[in-house]
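Thanks for coming, everyone. Let's walk through today's model together. Please keep the view open while I talk.

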2 protein chains.
Amino acid sequence: MNAAAFEPALRWTGEALEVLDQRRLPAETVYLRLDDAAAVAEAIRGMAVRGAPAIGLAAAYGVCLAARHWSRVLGGQAGPWRTRVAEDMARLAASRPTAVNLHTALAQLRPLIEAEPPAAPEDLLAAVSRMHDRLREADRAMAEAGAARLAPGARVLTHCNTGALASAGCGTALGVIRAAHARGLLGAVYATETRPWLQGARLTAWELGRAGIPFQLVCEGACGALMQQGRVDWLVVGADRIAANGDVANKIGTYTLAVLARRHGARVMVVAPTDTFDPTLDSGAAIPIETRAAEELTTLAGRPLAPPGTPAWNPVFDVTPAELIDLIVTEKGVIEQPDRAGVARLLALR
Amino acid sequence: MNAAAFEPALRWTGEALEVLDQRRLPAETVYLRLDDAAAVAEAIRGMAVRGAPAIGLAAAYGVCLAARHWSRVLGGQAGPWRTRVAEDMARLAASRPTAVNLHTALAQLRPLIEAEPPAAPEDLLAAVSRMHDRLREADRAMAEAGAARLAPGARVLTHCNTGALASAGCGTALGVIRAAHARGLLGAVYATETRPWLQGARLTAWELGRAGIPFQLVCEGACGALMQQGRVDWLVVGADRIAANGDVANKIGTYTLAVLARRHGARVMVVAPTDTFDPTLDSGAAIPIETRAAEELTTLAGRPLAPPGTPAWNPVFDVTPAELIDLIVTEKGVIEQPDRAGVARLLALR
């Protein structure tokens, strides 16, 4: 795979973080320049940047922006500097609730903030740059490990967007699909449109089209018929948070697809870097699930889809129990038939 | 229930058929005037009028328009008249493939066309008017019979639009919800948005709002989480064709909801007049399933949702096997745990 084959979700200019504004895709390819932590938090909250690994990395760059800003304002006053940076980190942490990668990234930087003396802004930036490299390399490793599990002719269904737009490198689940395509393994690719935000129609279709990977878009409602007709071998998805027992929170609709997969003998592969695990949560029941505004369902680009004032329930993630998952592919290895012991073993690896 | 409480999907003016243009709802309430069979066929094909009972009835009025037109053109020449009317009936029959009500309605009129001498246009119109009354009364009977099966506090999920807009009276599945609301039985109503045509967001939300029935819209992807949280007692849906063994073709996504219902102990009620049964088909595998243009998925009101040229698979119905269905409610009675014998018994009733 050629790194130039995809548009990165985010890039550091040396002075600011630029994120590809995913609200405007596929119509326009526009990078937003973010100069401070508040702007990064707002870009995450407003979904200009989304996808669990990408928002973790964006938040980490947000910490770099905060550190630099408060160093300039406060000079060498370590105490006030630490307080202000911690406030910005709290703001970043609160931007979206479900993806744990955000918290994982902030936790990885916290010792540098809390050190005595605290790390200099350039040292923080060097740490985030290493994180970026590590996540990019994780994508590559997962893509190869996931593709290695597919038999020739594999027919794959994917949900939401888990590509370069959602991550630091080639993507998670979509990275597996890219690698499988490069190996000539794919019999068919189906991508859900992914209501309500249409990550599949807008973003995955855009990435697959640019990569020259043949696919068909389907609405979520058609996935039952697709599986009933025996046209899916693997459901390949990403994750926003994985609990200690292997339960997976991911884009709303994932659970339904996993239920259908089990009924029809399709296998379920979750592709996520280890930053996505939250071993502090006993099971998926403890994962906080974000519910967003009804308007994301009842309007599109400001135009009404439903009568004005129509009430809607709009949870944007759901939890797939570990028992419905065949493989969790990480950069450290693959967990088969995930359970508490399998998760613990993987996370204990260095 | 008050008949004035809903806008009819179609009305006969004495001279023409008027159909409420469902492509323009909820933004505008506009009736299209249809003066000949070709216009009726086009209104069905283009989904200005939709819903299995409504398109059956619209086609029947289309036959009246054909009979009147060819009587005027051909005077008393029974042979050429019969040929021309039969051509128009074939055009109506070909307008959409899945809902059998279209064919049932045409079959009910065929003896009048083929009689020697053929029925006069006013006699045909009288027959269609009786069909309209009978379907309206069937809706009422099904609404009461279905509501009688719900316990107080019942939490109901419905899919697509099965209300007055889809039928001749108060609707099929939505008629049950109207009757249950009138009895004060409902604990909650959830309506799917129903991609790709958004019948739920545009039409069901409009009907429920006008009827003052509290509800929440959900995307299909959220129904797994809804059921997982134990928030659904009944899935209540309509049907487009029911095979001899009780398999049900209905709006794409129904099968997925039925699979989820079975997993989570929710019951499944199909509400459909007996015109929806096709005893000539052994099982659901034989039901022709309409696939519509990719653009219905990739664009909305002419605006792109996905990159131009994105390929899509857009089947608009799926088949739910009888084993996943608890009740089929018809105007002649209720089939419990539907199977071949139960369907045969019901259809043998006068």
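Start with A:E290 and A:R96. Their side chains meet in a salt bridge, at 2.8 Å from N to O. Keep in mind that this is a predicted model. A:R96, A:E290, A:R292 and A:E296 are linked in a network of salt bridges. Here is the general idea. Side chains of opposite charge can pair when their charged atoms come close.

Now look at the domains of chain A. The assignment gives domain 1 as 3-138 and domain 2 as 141-347. How far apart do the C-alpha centres of these two domains lie? They lie 25 Å apart. The domains do touch. In domain 1 of chain A, 34 residues are in contact with 36 residues of domain 2 of chain A. How many salt bridges cross the interface of domain 1 and domain 2 of chain A? The rule finds three. In general, the size of an interface is often given as the accessible area lost when the parts come together. Between domain 1 and domain 2 of chain A, the buried area is about 2,900 Å². Carbon and sulfur atoms give 55% of that area.

Back to salt bridges. Over all chains, the structure holds 50 of them.

First pair: A:R241 and A:D278. Their side chains meet at 2.7 Å, N to O, in a salt bridge. This pair links distant parts of the chain, 37 residues apart. A:R241 is in strand β8 of chain A, residues 241-243. A:D278 is in strand β11 of chain A, residues 277-278. Are these two residues buried or exposed? Both A:R241 and A:D278 are buried.

In chain A, four strands form an open sheet in the order β11-β8-β9-β14, with mixed pairing. Why is one side of β11 and of β14 left without a neighbour in the sheet? Both strands of chain A, β11 and β14 (317-320), stand at the edges with a single partner strand each, so one side of each has no neighbour there. Further in, β8(A) pairs with strand β9 of chain A, residues 248-251. The sense is antiparallel, over two bridges. For A:I242, the bridge partner in β9(A) is A:V248.

B:R149 is partly exposed, at 33% relative accessibility. B:E336 is partly exposed too, with a relative accessible area of 43%.

Last topic: the core. In soluble globular proteins, nonpolar side chains tend to be buried together. The largest nonpolar core here has 143 residues. Among those with the most contacts inside this core are A:L150, B:L150 and B:M269. Take B:L150. Leaving out residues up to four places away in sequence, B:L150 touches several residues, including B:V156, B:V176, B:W234 and B:M269.

Terms used
Residues numbered from 1 in each chain as written. Chains lettered and ligands numbered in written order. Predicted model: local features only at pLDDT ≥ 70, side-chain atom pairs only at ≥ 80, totals over all residues. Heavy atoms only, no water. Salt bridge = Lys/Arg side-chain N within 4 Å of Asp/Glu carboxyl O. Buried < 20%, exposed > 50% of the residue type's maximum accessible area, 1.4 Å probe, protein only. Core = buried A, V, L, I, M, F, W, Y, C linked by side-chain atoms within 4.5 Å. Contact = heavy atoms within 4.5 Å. Pairing = 2+ DSSP bridges. Domains from an automatic or database assignment. Buried area = accessible area lost by both parts, 1.4 Å probe.
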